[in-house]
Amino acid sequence: MPVGDISASLPIRPRQLIRDQVFATLAEEIISGRMQPLEEIRDQDLQAEYGVSRTPIREALNRLADLGLIEVSTNRFTRVAPVDLEAQAERVETAVAMIGYCAVRAVPTYTDEQVASLHERIDGLLVAELAGTSSREGLSLWYALWGEIVLNAHNQTMIDILDGQLVLHLTRTVPAQRVPDELVDYMRAALDQLRALLDRRDGVGVRDLIEPLFLRSTIEPLRAAAALAAASASVSAGSTPAVLLPED
């Protein structure tokens, strides 16, 4: 699924320039997992593959570096950045704050059509296998729901942050296990409750539902995985044999 499809509910500017097309293609390769973390990126390979000059490729790579999706070391390498799980958790916290604010601000003024549209988003998630919604396709369904709540608040700055800075990370494929049954039940109940809160135009209730939902389903698992990865790296580093220096 291309980037544009994930954020189709948001008013993304048309990508017409070559550099924007290269950026969108490379971003999709990275967030879909087709380009793996630490995989090297060579300008000349991209020039041959895309049939474009070096300039739009470098411009696209600079944008991806600014977003933290690639790493650049001058005269050494350009490569796909690893997934920083702690940073992912912080990005989710940022998204939660934005969504909660937009819910409080706008949900009380929702039209019947806006409520019906969000009901359709909820139905799409409930029809999907929630145990697999940590997948790329599942993440896109969740993003469409929360993105529409932000869009409905008509705060262009927040829309730009979500669409321009967060979406690529929040929909990036992260190796994950299936969602546990207990958490699936919790998410299903939360979505049913969200539907009722939208019907009542209860923006504060929506915010108060969203915060623990994100905490339990996303933020806590990301932080637990980050701690596990850090511990594993520490053990690996500690197991490196010591180098014995000769005595004087």
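A nonpolar core is a set of buried Ala, Val, Leu, Ile, Met, Phe, Trp, Tyr and Cys residues joined through side-chain atoms within 4.5 Å. Buried means under 20% relative accessible area, exposed over 50%, and partly exposed in between, with a 1.4 Å probe and protein chains only. In this predicted model, local features need pLDDT of at least 70 and side-chain atom pairs count only at pLDDT 80 or more, while totals for chains, interfaces and linings use all residues. Residues are numbered from 1 along each chain as its sequence is written, and side-chain values use heavy atoms, with hydrogens and water left out.

**Overall architecture**

- The protein has 10 helices and 2 strands. Both kinds of element are DSSP runs numbered from the N terminus: helices are H or I with at least four residues, strands E with at least two.
- From the N terminus, the order is α-α-α-α-β-β-α-α-α-α-α-α.
- The protein has 248 residues, of which 41% count as buried.
- Take the contacts (heavy atoms within 4.5 Å) with a separation of 6 or more: residues 24 or more positions apart account for 76% of them.

**Largest nonpolar core**

- The largest nonpolar core holds 66 residues. L64, W142, L145, W146, L191, L194 and L198 touch the most other members.
- At least two residues each come from α2 (18–31), α4 (54–67), α5 (85–106), α6 (112–127), α7 (136–152), α8 (156–170), α9 (181–199) and α10 (203–238).
- α5 gives the most to this core, with 10 residues.
- In soluble globular proteins, nonpolar side chains tend to be buried together.
- What does L198 contact, leaving aside neighbours within four places in sequence? The partners of L198 are V107, Y110, V115, L118, I122 and V206.

**I210 in α10**

- I210 lies in helix α10. Its relative accessible area is 1%, so I210 is buried.
- Not counting residues up to four places away in sequence, I210 touches V96, I99 and W146.
- I210 and L191 are 19 residues apart in sequence. Their C-alpha atoms are 9.7 Å apart in space.

**Helix packing: α5 with α8**

- α5 and α8 pack at an angle of about 145°, and their axes are 11 Å apart. Axes are lines fitted to C-alpha atoms, for helices over the stretch in contact, and angles run from 0 to 180 degrees between N-to-C directions.
- The crossing of α5 and α8 is left-handed. That label applies if the near helix is turned anticlockwise from the far one by less than a right angle; right-handed applies if clockwise.
- On the α5 side, the contact uses Q88, R91, V92, T94, A95, M98, Y101 and C102. On the α8 side, M158, I161, L162, L166, H169 and L170 take part.
- The residues of this contact divide into 10 nonpolar, 3 polar and 1 charged. Ala, Val, Leu, Ile, Met, Phe, Trp, Tyr, Cys and Pro count as nonpolar, Asp, Glu, Lys and Arg as charged, and the others, Gly among them, as polar.

**Helix packing: α3 with α4**

- Helix α3 covers residues 43–50. α3 and α4 pack at an angle of about 115°, with axes 10 Å apart.
- The crossing of α3 and α4 is right-handed.
- D43, L46 and Q47 of α3 meet R54, I57, R58 and L61 of α4.
- The residues of the α3 and α4 contact divide into 3 nonpolar, 1 polar and 3 charged.

**Salt bridges**

- A search of the whole structure finds 16 salt bridges. Each is a side-chain nitrogen of Lys or Arg within 4 Å of a carboxyl oxygen of Asp or Glu.
- R121 and E148 form one of them, at 2.8 Å from N to O. R121 lies in helix α6 and E148 in helix α7, so the pair ties together parts that are 27 residues apart in sequence.
- R79 and E71 meet at 2.9 Å, N to O, in a salt bridge. R79 is partly exposed at 27% relative accessibility, and E71 is partly exposed at 27%.
- R42 forms a salt bridge with E40, with the closest N and O atoms 3.5 Å apart. R42 is partly exposed at 40% relative accessible area, and E40 is partly exposed at 40%.
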